[in-house]
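Keep the viewer open as you read.

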Amino acid sequence: MLIDHPLLGPRDASEFVYKGDASLINRPDWQAEDALAKFIDYGYLRDNPASDHRELWFHEQGDRSWLVVTRDTTTHEIKSVELARDVARREGRSK
Amino acid sequence: MNYSGFKVIKEALTGHRGWGPAWRDAAPQAEYDYVIIGGGGHGLATAYYLAREFRQSRIAVLEKGWIGGGNVGRNTTIIRSNYLLDGNEPFYEFSLKLWEGLEQELNYNAMVSQRGILNLIHSDAQRDAFIRRGNAMILNGADAELLSTTRIRDRYPFLNVNNARFPIKGGLAQHRGGTVRHDAVAWGYARAADQRGVDIIQNCEVTGFRIENGTCTGVETARGFIGAKKVAACVAGSSSRLMQKAAMRLPIESHVLQAFVSEGLKPVLPGVITFGAGHFYCSQSDKGGLVFGGDIDGYNSYAQRGNLPVVEDVCEGGMAIFPMLGRARLLRSWGGIMDMSMDGSPIIDRTHIDGLYFNGGWCYGGFKATPASGFAYAHLLATDTPHETATAYRFDRFERGRMIDEKGMGNQPNLH
Amino acid sequence: MTGSNRLEGGLIDRSKPLRFKFDGIGYSGFEGDTLASALLANGVRLMGRSFKYHRPRGPMTAGSEEPNAIVELRSGARKEPNTRATTAELYEGLTANSQNRWPSLKWDAMAVNDQLSNFFAAGFYYKTFMWPAAFWEKVYEPIIRKAAGLGTLSHKPDPDSYDKGFLHCDLLVIGAGPTGLAAALTAGRAGAQVILADEDHLPGGRLNAETFTLGDQTGADWAAAAMAELSSMPNVRVMTRSTVIGAFDHGIYGVVERVSDHLPEPLPGKPRQILWRVYSKRAILAAGATERPIVFENNDRPGIMLASAIRAYANRWGTTPAKQVAIFTNNDDGHRTASDLVAKGVEVVAVIDTRTDAPGSDLYDVIAGGEIDQTWGRLGLTRIEVKMPKGGIRRITCGALGVSGGWNPNVHLTCHQRGRPVWNDAISAFVPGDTLPPGMIPAGAAAGDFSTHGALVSGRKAAQEALADLGIDAKPTDLPQAEDAPVRITPFWHVTRAKRAWVDQQNDVTAKDVKLAHQENFVSVEHLKRYTTLGMATDQGKTSNMAGLAIMAEVAGKSIPEVGTTMFRPPYTPTAMGVFAGRSRDETFRPTRKTPSHKWAEEQGATFVEAGLWLRAQWFPKPGETHWRESVDREVTQTRKSVGICDVTTLGKIDVQGTDAAEFLNRVYCNGFAKLAVGKVRYGLMLREDGIVMDDGTAARLAEDHFVVTTTTANAVPVYRHMEFVRQCLFPDMDVQLISTTEAWAQFAVAGPNSRALLQKIVDPEFDISNDAFPFMACGAVTVCGGLRARLFRISFSGELAFEIAVPTRYGDALIRRLMQAGAEFDVVPYGTEALGVMRIEKGHATGNELNGTITALNLGMDRMVSKKKDSIGSVLSEREGLNEADALKLVGLKPVNPDHTVPAGAHLMTKGTKVSAANDQGYVTSACYSPNLGCHIALAYLKSGDTRMGEVIRLVSPLTGIDHDVEVVSAHFVDPEGDRLRA
């Protein structure tokens, strides 16, 4: 597979390390009342769609960016690639 | 129709006109006591044991394509019970015992062949871990033996021990491990279940569940609604897709695992061997092909095919231990969809919806589990209590912090 | 002219005769021959035996789809089993042997199976060999295994090398027949970056095997001219002997180039084969088509071949399998073979055409509406019997029979991403469907366009289309006039009344087997294949799948596409495993990482051990030491007595900088870091989000906004990856930067009571490293040896007064030498990983053996380190009940009750008086060693409620290694539990 890195252009997927669903960005608030339940969902339950999947890849043999790749799990077609940091900020994460 | 020596000879001499269908193509009835979704090895075994062991009737197996077309027909055929953890080892040992009697049980030669499995050891830390595992196996009633490098060389004279990057320092053997003719497992269970009245319904995809007041009353299918007192999901790599129709999210990701077979060769490998410093495991089929595999491709996929880097990685592992394999040719590759769970261990449990049961999360170890999975699932379906060897395979183990993590990799499915 | 069946002409070089041997008999052929063409020219038709019935077989094809003529090529360590004689290029001195026969190819004892074939019908083995139960493994299976298999591996390491490479192009053209050449010319002339790959050594495809002209040239000449032009273009790379084996995601194709297979052995420095990963923007599939046979009684005798193969042997290789040839066809293409053979002077005894409206001919006898009823000839065809259209049988003497059942487009690569071909009635064949690998355009015969004219035009059009997608304007290339015959075929798959008619010749699957599969409800294509083994042989069903489908369709009363489609998976042709491995084998299977002191350690005669990819010194034997324990005990004793030095560079080092660095570490470690003073080091415990310990190490605060984090050797990479995840994905606005500096610093542990005195000789005098100025857990930048920048950490893994000193990696070798020199007065010793392990066990420090991915801070006795006052990874999920059981495992020490006993790692623990069983399992031993300080074996272990069981005598069992004795539970801190030495 080829991943079109937003900064570096197309790179072979074997330069990257895969982590999983990009929902891992949405780490729950540790102080929420139901923090334990939320962390259990966060840690263990996955949509695992047979369609577009937003997922985290780490450019380990490259610039060490974490990327959010949107990829169809039935065809492997990649629809978009973003820096995970931009996605995280957009989704309201900060410090 | 019973297979017997007499029958085989008679048919051979009379043009094989007397062989009937191995199983009937049943048309769906309006309602069953049990509807099992998924005509793979586990689903068919579940139906068989429900009928035979638990004396249940009115059972249907619904298969969206043709039976045995999923992972039971796409694996490296290995059976073993060399597990470490108490949540797993008794279950897989139970499975191995069922394998040992399978042919007589089913009156079908699935070619269970206990030619042994050998895990190579390449470091002191690995030896420590394998000794712990071997002891756990013995404590659970399984067999295990620690082999010296000399003994391994006697059995596998072609192993690279002279200039290996990771020298071989011994191995953990389970002599009762081995291989089984994988397709025959599906067919054997199908035939035996059919003989006990189970309806095997192919080309019948489940498109939805009918759930009323928290109770599942049946399934919508490509061939209409089928009512059921109990609905049992058993669809491996398609688990998330199916259970999504019941609004369930699972502790499972689907990943592709490739497997490979070489051209037919005269016997070189007596048993199953696994490389400990890379991803490669290999056996030789009765037909002569080397059947081998390695790690999953590592990304979520439903595509039933993989990519080149893993092919290369697997062959590198093969060449690392057997440098003679350079001139053996890889004939065919295939990809199966693995239901990789969050701790690498399976789930056989009720769901929060009454009447709806789940069996999945087998990662890439589902084939060897087929008999026990069917037996334990049938036990759960028939009695509503878990089988004694499957008590740990519950959904709630994650919220309770009772993971069964053989590899110690945590909640990342592609590392198991 | 050599050989009894050699004809005039062809593309062989008669000025270059080559000698070769088959089954020990010497023959000769010419350059340009394949093994099969040369054997045919010598009158040899029998080249192999089938898999199950050991039927005599000769070549069926002239290409890579060959099912029958497979041999063991070469000898010794280079022996290649299952090599297709039809593609093996002849070279001087070639040796080949037939396989899967005993004692000889002509007299094969296993041919008795053929007499017993009634018993060996499809799936017979599933129904039998079950009585008595024990006989399967003891009797039946060993016999079956011995009989099965085809060729034999050499049992010796492959002496050749393999390589891998990467190529990029705008357009990959797969196949250099008329379609591929037209496509490559069009794209090449337009300036696109083109790769043209063909499995043959001679580009041209069928043009080399046909007699028709392109313009005023022969096909072969036109192909040669096209190749000359393409080869002159700098933007075109022509790859011959290169098979495109697979179409992978995103336009990546696997291509295997057989660099040396046509030579006796690779030239010096050259690989046998190269695996290319071709990154293409577009690809044109111009893979042509494969003729398919018709299934009839005894259709497998040597001499019965595809008609197009006989034509190719005559036209390209100047040979014929026999002097008298008959043709059996259902389409016009069979007639083309007949007329070509006549032109070559071969006697065509009859063309049996199943069509009642078959075209007539002046050149040969046409039997319209005839069918082959029977064939004769034990080791090679001698006679056929034709069922005449108006009844009656006609016997015809012939040594070869060309069979043409129509052509199948080579759609294989279109299926590699699970695209399904679709049925085309006009040509009675499957053609590429709509779901193609993205970027792939099938063209020419591969797309069902079978005429030469059609191929040329289709190739040109495909190239224009592909380049237009890429914004490259390709002008139409002038194409020569070429034949444009329509496809005229009336499907005819098999002679229905045949008793034994082969569908899959290599695997011995007959038409009856297909029918039996149907009778037993193995109706779907996948069931059919698996039950009968149809299409599972080394030819991958290229010539057999269609007939199997057709017969199944007929007995099931369905159309062919209703029964199913043919599916193909990579590789396109069987591919040597060696080429997939490339250079990753033997010592170079994986890279080797060497520590900065490696060369020095080698000079000291150190024994090395693999630690992941690293090689580390395991111990340093002294003259006279005969057992490793002597060396290790000495290293430990001397370090604890005076001073020892160990290279600890392999530990991961991560530089953490930024105004939020302290807060960042607060999040990734479960214990607090915000208040760590500058110039201090703290032990840090890192959890995974699931609350399990991920790693441990130290973090040294070199400045307010600058930390150096260490990890265990094994986790250097995963921990860095994890920290980047936390930084980029969870806390993207933190001002913190990370960089791995593992390779940047050489680091040595200097341990023992004299470590400070030694270091004081190395560290420049302006830096005070006295106990007051530089106490336990101090750190700081210093200079050594007169100005070299260095970092000094007062940390201890051994439990002694100890330091770790780091210098830029390139000074590592110099520093170890200087340290050893300076330490001479203290009798300094280098110590290896074994002594390191002994000392850390004596001190009760956990490493990888303890941090096995299932262990919590509670298990380590460090639960109070998990701060609940801050947000840190893993703290919430570590609260789950299962991770906080009352009888949780706790890290303890173990000592044998009998001091002569060992306490081996991997042993399990039982309470005294209980039965040895899994149910009573109390824990397990993680690390063990002999402690020279305690004078006995000791171990670290996890024991249920271990912290409350100090002093208890328990039972240590290792049934695997035959050990069962008593051990005492003690503190894991065997040495200096108060830590006085650390602070000295």
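Predicted model: local features only at pLDDT ≥ 70, side-chain atom pairs only at ≥ 80, totals over all residues.

Strand 3 of chain A is joined to strand 4 (residues 52-58) of chain A by four bridges, and the two run antiparallel. A:D21 stands opposite A:E55 of strand 4 of chain A.

Chain A also meets chain B: 19 residues of chain A are in contact with 22 residues of chain B. On the chain A side, strand 3, helix 1 (35-44) and strand 4 each give two or more residues. That side of chain A divides into six nonpolar, nine polar and four charged residues.

Now over to chain C, where helix 5 (residues 178-189) and helix 6 (residues 219-232) pack at an angle of about 30°, their axes 10 Å apart. Angles under 35 degrees count as roughly parallel, and therefore helix 5 and helix 6 of chain C are roughly parallel to each other. Their crossing is left-handed. Helix 5 of chain C contributes C:L181, C:A184, C:L185 and C:G188 to the contact, while helix 6 of chain C brings C:A223, C:A226, C:E229 and C:L230. The residues of this contact are six nonpolar, one polar and one charged.

Finally, some backbone details deserve a visit. Most residues other than glycine have a negative phi, and most peptide bonds are trans.

| Site | Feature | Value |
|---|---|---|
| C:W131 to C:P132 | cis peptide bond | omega near -15° |
| C:P570 to C:P571 | cis peptide bond | omega about 0° |
| B:A247 | positive phi | phi near 60° |
| C:R418 | positive phi | phi near 65° |

C:P132 lies in the loop between helix 3 (124-127) and helix 4 (135-147) of chain C, and C:P571 in the loop between helix 13 (560-563) and strand 31 (575-576) of chain C.

Is B:A247 buried or exposed? B:A247 is exposed, with 9 other C-beta atoms within 10 Å. C:R418, with 15 C-beta neighbours inside 10 Å, counts as partly exposed.

Terms used:
Residues numbered from 1 in each chain as written. Chains lettered and ligands numbered in written order. Axes fitted to C-alpha atoms, helices over the stretch in contact; angles between N-to-C directions. Parallel < 35°, antiparallel > 145°, perpendicular 65-115°, else oblique. Left-handed = near helix turned anticlockwise from the far one by under 90°. Contact = placed C-beta atoms within 7 Å. Nonpolar A, V, L, I, M, F, W, Y, C, P; charged D, E, K, R; others polar. Pairing = 2+ DSSP bridges. Buried ≥ 20, exposed ≤ 12 C-beta atoms within 10 Å, placed from the backbone.
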